[in-house]
Amino acid sequence: MRYELIVVGASLGGFHALEMLLGGLPPNFSLPVVIVQHRSSDSDDLLAVLLKRKTRLPVVEVEDKQAIMPGQVYIAPANYHLLVEEGHFALSTEPPVEFARPSIDVLFESAAEAFRERVIGVLLTGSNRDGAQGMARIKECGGITLVQDPASAESGRMPEAAIAASEIDRVLPLPEIATFLIDISTGSKVKA
Amino acid sequence: MTRAKADPDLEAVEIKLLLEGVYLHYGYDFREYASASLRRRLRDFVRSENLATLSQVQDRILHDPACFERFIVALTVNVTAMFRDPSFYLAFRAKVVPMLKTYPFIRIWHAGCSTGEEVYSMAILLTEEGIYERCRIYATDLNEAVLKRAKDGIFPLQFMQGYIGNYLKSGGKGSLSEYYTANYDNAIFRSSLKENIVFSQHNLVTDGSFNEFNVILCRNVLIYFNQVLQNRVHNLFFESLAPFGILGLGHKETISYSPHEQHYQVLEVGEKLYRRIT
């Protein structure tokens, strides 16, 4: 299979979007799903706990140098940047990027550079511009990019910013994103 | 965004050459830093020097020591806060302090102390627990510029409100403001707090052990190292810890991927406080 990693970015309204996205993936889903959801810097692991209720996939908050395994859902911890290296994660406490830590751009750019054409970038609802540069970088490095249809998003600004910044492969309403990911992971849509 | 368009393979070559050159000429070894975040800081540095490529940076650094000074500052991450992750300090008070109270003399190594906020936090905690006079804290960092600020013990007043909140959540027994004097925009910490602190330069990558310690704290430093280097530093910590000594890591760091996992016991679930058991 060509794809090996899915990275997902979400901000305002992201919790419900993530519930629906993860809820749409089957228990035998084979790709790792790595999520940055903007939230306050002193949040605990509540997001992972709540998302666990919506999916039968294992959901964990990432620790430094944790290995990337198939079929797992990984959440960026609050107040750390999450980066992808070949085969594992790395964390950083460097300053926020565009007011965000974790930053979607930081995750997406590192994923694009480590996994190149094997990455799928998914950008969901949000009211800022984070993720737009990261999506462009994924595209540049040969990966595939999906954004939530701005009209169907709780806040369309973040998807719109990404659409303005680079050529996006698919603009989809939320329910169709999970379907697309299932199809592409099982090889039934080999060509983006 | 011109740099983001760079060919990642060519950039990898440039990074390798630059870090090798820095190591050979200046002796600072960044070759086994975690690659993804290091790459981001290197790109920022290229921009801040108004240069186009890492190869140009290499030329300037090797011939201009002032540029190298800026490089060290740009490559090391110096984000810290007083009583950062308050639950860590709460667990330290509950689980570690009772053990330390049984010792006649206590040596603590704070490795990678940056500007010192967490060192003063520990000095305050130990003072409140009545054991500070029996302690010696060795606070080290590779970066001389931040060490100097740590020695001064003067922090921006604007951060104190947040630190007071952390202090209270960390189990503070008094009021943080008892420990500093406000002077214009600064909070100047009581000099009695640094009586038993030794600040000195130490590079975890290239320097060895220098004592035997009852406690080693190294929080959010190892995240900037790759696994090979992390393992080497864990060897150094293990060798430097007294039997039943305590190792404290950052909130999202773990001993689990190191070769020494089985040599430690978790002291408090959810906190990165480990006790050496062999």
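In strand E7 of chain A, Leu123(A) is the bridge partner of Gly9(A); helices (H or I, at least four residues) and strands (E, at least two) are DSSP runs, numbered from the N terminus. The model is predicted, with local features requiring pLDDT of at least 70 and side-chain atom pairs pLDDT 80 or more, whereas totals for chains, interfaces and linings use all residues. Residues are numbered from 1 along each chain as its sequence is written, and chains are lettered from A and ligands numbered from 1 in the order in which they are written.

Strand E1 (residues 5–10) and strand E7 (residues 119–123) of chain A run parallel and are joined by 5 bridges. Two strands count as paired if DSSP finds at least two bridges between them. An open sheet of 7 strands in chain A has the order E3-E4-E2-E1-E7-E8-E9, with parallel pairing. Its edge strands, E3 (59–61) and E9 (170–172) of chain A, each pair on one side only.

Chain B contains 9 helices and 10 strands. Of its 278 residues, 41% are buried, a residue being buried if 20 or more other C-beta atoms, placed from the backbone, lie within 10 Å of its own. The C-alpha trace of chain B spans about 55 × 50 × 30 Å along its principal axes.

The contact between the chains takes 18 residues from chain B and 20 residues from chain A, two residues being in contact if their C-beta atoms, placed from the backbone, lie within 7 Å. On the side of chain B that touches chain A, helix H2 (35–48) and helix H9 (227–240) of chain B are the elements that give two or more residues. The largest share, 3 residues, comes from H2(B).

Definitions and conventions: Buried ≥ 20, exposed ≤ 12 C-beta atoms within 10 Å, placed from the backbone.
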